[in-house]
Structures are given as C-alpha cells and as structure tokens.
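Please look over the chain shown here before reading the report that follows, which goes from confidence and overall form to a single residue.

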Amino acid sequence: MRRQRRHHGTTPRTTRLLGSLLLVVAVGAATVAATPARGPAPQTAPGRSPVPLDRVIPAPASVEPGGRPYRITEKTRIRVDGPREARRVGEYLAGVLRPSTGYPLPVTDRGTGGIRLRIAEGPYGSEGYRLRSGPSGITLTAAEPAGLFHGVQTLRQLLPADVERRTRQPGPWPVAGGTVTDSPRFGWRGAMLDVSRHFFPVDEVKRYIDRIALYKINKLHLHLSDDQGWRIAVDSWPRLAAYGGSTEVGGGPGGHYTKDDYREIVRYAASRYLEVVPEIDMPGHTNAALASYAELNCDGVAPPLYTGTEVGFSSLCVGKEITYDFVEDVVREIAALTPGRYLHIGGDEAHSTPHEEYVAFMERVQPVVARYGKTVVGWHQLTGAAPADGALAQYWGLDGTSPAEKAQVAEAARNGTGLILSPADRAYLDMKYDANTPLGLSWAGYVEVRRSYDWDPGAYLEGVPESAVRGVEAPLWTETLDETGELEFMAFPRLPGIAELGWSPAEAHDWESYRERLAGQSPRWEAMGVNYYRSPQVSWQ
C-alpha cells in the first residue's frame, strides 16, 4: 500500500504538480494499457509545423535537415527488424504514441513505410543510432537495442509536445525530414536519487526513471543507506531494514524496499536502458546500521535512530572483525540482486574515522566487492586511500575545493582511476536555484540553470586527461524533499543540461543554443505533468 506523504508548507504547489501526481506518465506507458481512444477524432491543430531536427536535448552529434516531413497517421505501422529486445523497444514506442494519437500503430515485422526500427552493424557503438525521416517513413538504425531506445527518445522530442498526453489529441503528427546521426560522448550519464534521507516508494522511483530516460540518462545511482535510514532488505541482518529503515529526516515513517521491490526497480530501469548502481555508504553515514546492531559499534552500545541532517558523526568500528562479516553479507546479497557492473561503497565525510583506519577499511572492503563480481565506485575521498584496479571515483567537490584535494584526485586519475564528475556547485540538483527557492540547500552556493550547464567535463579538473573521465552524474539529495513533485522541481530544468554534457560532443556545448532548446521543452513537461522551475534565465514557451 502506498504510504501517506507528508506535505510541507513551502512546497511549490501548482497545477502542474497536481497533474504529476494524478496522471500516468507518458513514458510509463509500457506498464499501462495503452489502447487507442474511442469516439470522434479531435479537430486537426492548425499551423502545426515539424520540430526542427536540431531542437532536441541532448544535442545530437550530427544533423542533416532536408526533404519533406513524415506524418504519422492511422495507417502507420511500427516495423521491427531485430531480436526480441528490439521488438520491446517498438512496443514501448507504440505505448507512448497510441494514447495521444488515437492510432492503432501495430508492431510488426512485415510491411514497408511507417516507422522502422532496425538492428544493423554500423558506426553507432552500443548506444548510438541513426534516424532518417522522409515522406515515405522513418527508419531508426542502431547496432544495439539501447541505441534504438535512445533514438526513440529523439523521435519523441521531434513530435509535437501533445504526443506526451494520455488522452487523444488533435493532429497532425509530423516529423521533420532529414538525418540525425548520434552517439554519446561519455559512457556514464547518471542520475543519483537519495532514498535514505526521505524514502520514495517503488512507483515514485519508476516515475523518476521515466522522466530521466527521455534525456538518455543510462545510470540510476540509488543511495540506499545513510544515517537517517537503511532502505534495502538484507536477510542476514534483518534489523537493518526493519528498524534502521523505520524513520527518515523529520521523523516520518520511513520505509524500505523488499528484495522483490528492488528487483522491480532494477527490471523497470533496465526496460528504459538504465543500469542501477546501488550505494551502501561506509564507513561513515552509517548511523541507521549502528542503531540496528549494537555489535557494529566499538563500544557495543547502539545509538538512537537519527532524523536530523548533520553529517560526519558516525562510523563503523574498523577494528572489529564483525564489521567485515557485516560488509561481506551486505555486499553479497545486494550484488546478487544487481545485474549491473557496479557497486558504490560511498566513503565520503567519514570524519569520525581516523585516516589510517579509513585506509585500512578500504583495503579490506574493496576486494569484497570484487569477489562478488562488481566494480567499486566510491566518492572521491576514496582517492585518499588506494583505489582498487578499475575503481571509479565520483568527484563532488566545488570550484573552490582545495588545490591539494583536487591534485589527489588528479593523481589517482592519471594512475588509472576513472572519474565520474558531480561537482556540487554545478551538478547537485538539491542546491537552491537562488535565495528564494523554497526547497533544497545552499552549502555549495546557489546553482541556477546556466551554472549547472556551463562547464566542460573533459576539462573541468586540472591535470585530469579527458580519457580518465567516464562521465557525469547529477545527484539529488533529499534532506528537504519528500514528494515526487519536489524531486521534479529541483531536477527540472537542470538535469537535461547535465545529460547534454554527458551525451553531446564538446563543440555542441553552447549556452545560447541550449537555453532556446530548453525553452522548447516546457510544453512537453506541461503535457507530461512535470513540476518544473521556470528559471528567469530561460524564455519559456
């Protein structure tokens, strides 16, 4: 049963937020019966011209406009040439288009014309695609189904915004003529969701997945444990979830995911071509675990559950052998639930762990992660120890972070540690936009839309070669957020910009072009019921 959500008086209450809580999200159509609406067809919308091929987010690598558009009609079919997984992409596309167009849009492996999804060899990589549109039809070609899926997100943005609505809308449904050839700059384009400070049920996580998939995000980093709550069931340590997950910031009821809940999140994310990266933060940020099991504390005394927002006060007992039994059990069970390659072990703000103990802890824990078939990811403080071979460090410092700390990260990068860039004063989606923002925090400063977009991941950290940068990630911490509409208000419009930094070539990075394309997203968000911040830096449509 969906738990009752608490309401803050400072939450931006708008009709868009009400819509986001009541409407089924367009991109979630695969989980809802998407049958064509019955009754008389709506009147054709006058003067509807195709969206130009270069108006999408992220900006494509190559655009060649030209020729007459294709128009989706009641006779359009979705033809799939490829394996079963490619057909699922076709069914997904049909599920997006059917409610708003009212057309049957059968998915088939026969016929000509219409919309064709095609798996074929080519210079696309694992996520790239080519979209060709002309009066006789649209062809999406990719080497892998993930590329087809990303191409479908481009196709969605090339259609009128009303295509996102869940009721039949007036046509026509044109797609501009020409060719888009596209592939990502970086392989890691992540969004982190903190479900520890406030708990978000499975359906709300799915809604967030659907929002971010539109912008070709391919990693969902779930922050599953912290001082305020432990959110994943662990059979060998059952009080972690039952007791450690029983509250949240402010003292609400908290909650946790059963193993089946977590499997469903993983499955749903995979259907949108996102890889789930689970995080169990350690040795700090562990009060929920310490409160659940006294033996994890050096003095054998369990602290009370914590519902505040301070950081840095908790630590696992590095000198106790039971600590490593605990870590092994948790890693083993979560790794078994997670088909993806990565497991995040946190490692940040371990202020209560002496440095030599922190180093010793990481030397013991990183091999455990490898033993269960996963690659270590940690916050960039991991570089103060000895990152394992192949490990990734997630940088969350500021422009003003000390040169010594930046140099430590750069040295690790030059020695083979890959970097994920999440600078807090650029990419943290929980930072306030300005002094009047009713939600979020401001310890890293105010982060307006331009600041979040106007930096180059490949040249951000001095001394770090672009080859060491694996990609970017936009974390969304939830100390002040406990509803879907609040997540959306802080993520949009900044998250699409971070997605563009991760996907688009460096030469496509231009604020003036981006802000115009971003303005064009607002009718789409209105149609989807997204609660977004109308930044004064953007001339919204």
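The pLDDT is the predictor's confidence in each residue, on a scale from 0 to 100. In this predicted model, the mean pLDDT of the protein is 92, and 91% of its residues reach 70 or more. Over residues 1-41, however, the pLDDT is below 50, although this stretch has 94 contacts in the model beyond near neighbours in sequence, a contact being heavy atoms within 4.5 Å. Where pLDDT is low, the predicted coordinates should not be read in detail.

Residues are numbered from 1 along each chain as its sequence is written. Local features need pLDDT of at least 70 and side-chain atom pairs count only at pLDDT 80 or more, while totals for chains, interfaces and linings use all residues, and side-chain values use heavy atoms, with hydrogens and water left out.

Two overall values are set out below.

| Property of the protein | Value |
|---|---|
| C-alpha span along the principal axes | about 75 × 50 × 45 Å |
| Accessible surface (Shrake-Rupley method, 1.4 Å probe) | about 19,700 Å² |

Of the 541 residues, 61% count as buried, a term that stands for under 20% relative accessible area with a 1.4 Å probe and protein chains only.

Trp540 lies in the segment after helix H16 (522-528), where a helix is a DSSP run of H or I with at least four residues, numbered from the N terminus. Trp540 is buried, with a relative accessible area of 14%. Leaving aside neighbours within four places in sequence, Trp540 is in contact with residues including Pro493, Leu518 and Trp525, and its C-alpha atom is separated by 8.4 Å from that of Glu516, 24 residues apart along the chain.

Technical notes. Buried means under 20% relative accessible area, exposed over 50%, partly exposed in between (1.4 Å probe, protein chains only). Helices (H or I, at least four residues) and strands (E, at least two) are DSSP runs, numbered from the N terminus.
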